[in-house]
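Student: I'd like to learn how to read a model like this one. Could you walk me through it?

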Amino acid sequence: MPSASNGNSKALERPLLPQEDVPSLGCREEGLTQSQTLSPQQSSLLGFTCDSEGCGNGGAICNVAVTAIGAGMLALPKAMERVGVILGFTLFGTVCLLTYFSSSIIIRYASRRGKRTYSELIEGEFGLTGARVLQTSIIIHVSGVMIVYLIIIADMLVGAAPEWHGVLPTLLDRHDGVWFLSRPFVCAVLLVVAIAPMLISRELTVVARYSRNSIIMMLFLSSTMIALAGVALWQGKAAAIHILPTPLDPKCASGCGTLVNMCVAILSVLSVSCLAFTCQFNLLPVHLSLKDGRCSNMLSITRKAIALCAALYGTVAISGYIMFGKNTQGDVLRNLTIRYVSTLVHPVLASVLIDFIVLATTFNLLVNFVLKVWAVRESVSEMFYGLPALELSLPRFYLLTYGLSLAAYLTSVFIPSVWVMLSLVGSTACVTFSYIFPGLIMARNGKTRLGRVGGGSTVIMAVVMATVAITNTLSGHADL
């Protein structure tokens, strides 16, 4: 095998894979002058298992996108209401760039170092302590999101006592809290019928099929919201919106806002938007699943997935804001009721649309849940067994997989109020693996002043966003 490093290179930085003769299209970084390929065949040379045939780019894009697209999308109309249309889209664009910047650091340096997982990359850079901090942050945040998703699904499908106004009680005309429409039973059925089968496969290629369907449903949701917003505009029922931030909007009364309030709103929107774009913990598993494992190809997939998220988020945010204006809630589905939609279209059509939106959102959260299990399982496996999850024996692999799912279910059923604590801890944990560690890698390894400054700035911004998120939760404004 030809040498892949100079004689004076550190052993840690020596690539484990052979260099290709093809010039890098997107991975030329700090002396990485050639494209690094991580195909299924090369993966087997490294001693670990990946998809036998490999996942296509379309499936990989959907897996990355669905990893990010979750309940956070429903908070973005409220985010736009806080800062206005122009600044809202500007902040969304900023978060897109920041997400790609941090993601590209993970992909580039893992490829350069020949690392299989995010934990291995961080351990190589910051030692075992750094890897443990990373693994703990992923476990805390992602498992917390899994629990919250089950709570949200129960809210949508069943509702809360004593009204029980969820989709299922409404369809069956049973609002008496009967056992087969209870929150624990409905979630248990979904766990067995929907989540468990999707977790059987050890390959992300199979999960990608569900991710494609989830993206289709999210496109339907966003298209429906745009259509309803268009009808509201046509009928003159659209809410008043602010194009500029309220302190700068000439239509805003003098007492509606201050510069300080605007700055706080901007930081809050940045924090919520970054949470909505979080996908960094699943980038390397998706990379390993690819047919074409070139670093440049994975970077292209990441760009397209982020662009897809941005398109969905932008349409949901602007359409929700147009319909509800200053009355927009932190979860726009609370606004999007049958009663409201019936003012725009025929009541029967309104009922069908709302039911389908709820079911589409539920399916998306279920697929997202599966991808979250993938990430938590990987971190738990490396922390307690010292191996990537795919190297575990079959009994241990499935015991860990379904044990994590069961733990999330039991927590959501018996400790539903845990979401407040999870929001506090998860805000810090999320920025740790999404921005702080990638920023530290760049600040430490950057060969140019601009690269080091960019890495340091990412770390500082992450700390500020975590502080704002925690402050919002403690003050009772976790939804912005």
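Predicted model: local features only at pLDDT ≥ 70, side-chain atom pairs only at ≥ 80, totals over all residues.

Student: How many helices and strands does the protein chain have?

Tutor: Helices (H or I, at least four residues) and strands (E, at least two) are DSSP runs, numbered from the N terminus. Here the protein chain has 16 helices and 0 strands.

Student: What percentage of the residues in the protein chain is buried?

Tutor: Buried means under 20% relative accessible area, exposed means over 50%, and partly exposed is in between (1.4 Å probe, protein chains only). Of the 480 residues in the protein chain, 56% are buried.

Student: Now helix packing. How do helix 13 and helix 14 pack?

Tutor: Two packed helices are described by the angle between their axes and the distance between the axes. The axes are lines fitted to C-alpha atoms, for helices over the stretch in contact, and the angles run from 0 to 180 degrees between N-to-C directions. For helix 13 (residues 347-384) and helix 14 (residues 394-414), the angle is about 120° and the axes are 10 Å apart. That makes helix 13 oblique to helix 14. As for the cut-offs, angles under 35 degrees count as roughly parallel, over 145 as roughly antiparallel, 65 to 115 as roughly perpendicular and the rest as oblique.

Student: Which residues make that contact?

Tutor: Helix 13 brings F369, V373, V376, R377, V380 and S381, while helix 14 brings F397, L400, T401, L404, S405 and A408. Sorted by class, the contact of helix 13 with helix 14 has 8 nonpolar, 3 polar and 1 charged residues. In this scheme Ala, Val, Leu, Ile, Met, Phe, Trp, Tyr, Cys and Pro count as nonpolar, Asp, Glu, Lys and Arg as charged, and the others, Gly among them, as polar.

Student: And how does helix 7 pack with helix 14?

Tutor: Helix 7 (residues 183-198) meets helix 14 at an angle of about 160°, with the axes 10 Å apart. So helix 7 is roughly antiparallel to helix 14. In the contact, P184, C187, A188, L191 and A196 of helix 7 meet Y402, S405, Y409 and V413 of helix 14. By class, the contact of helix 7 with helix 14 has 8 nonpolar, 1 polar and no charged residues.

Student: How many aromatic pairs are there?

Tutor: Rings of Phe, Tyr and Trp (its six-membered ring) pair if their centres lie within 6.5 Å; planes under 30 degrees apart count as stacked, over 60 as edge-to-face and the rest as tilted. By this rule there are 10 aromatic pairs. One of them is F126 with F437, a tilted pair at 5.8 Å centre to centre with 45° between the planes. This pair links distant parts of the chain, with F126 in helix 5 (residues 118-157) and F437 in helix 15 (residues 419-445), 311 residues apart. F126 is partly exposed at 28% relative accessible area, and F437 is buried at 7%.

Student: Is the pair of Y398 and Y402 stacked or tilted?

Tutor: Y398 and Y402 are stacked, at 6.2 Å centre to centre with 20° between the planes. Y398 and Y402 sit 4 residues apart in helix 14, so about one helical turn separates them. Ring pairs also link W179, F180 and F185 into a cluster.

Student: What about backbone angles: where does W164 lie?

Tutor: Most residues other than glycine have a negative phi. W164 has a positive phi of about 55° although it is not a glycine. W164 lies in the loop between helix 5 and helix 6 (167-172), and W164 is buried at 17% relative accessibility. D173 also has a positive phi, near 55°. D173 is in the loop between helix 6 and helix 7, and D173 is exposed at 60% relative accessibility.

Student: Last one: is E81 buried or exposed?

Tutor: E81, in helix 3 (residues 76-83), is buried, with a relative accessible area of 15%. Leaving out residues up to four places away in sequence, E81 touches Y321, G325 and K326.

Notes: Residues numbered from 1 in each chain as written. Heavy atoms only, no water. Contact = heavy atoms within 4.5 Å.
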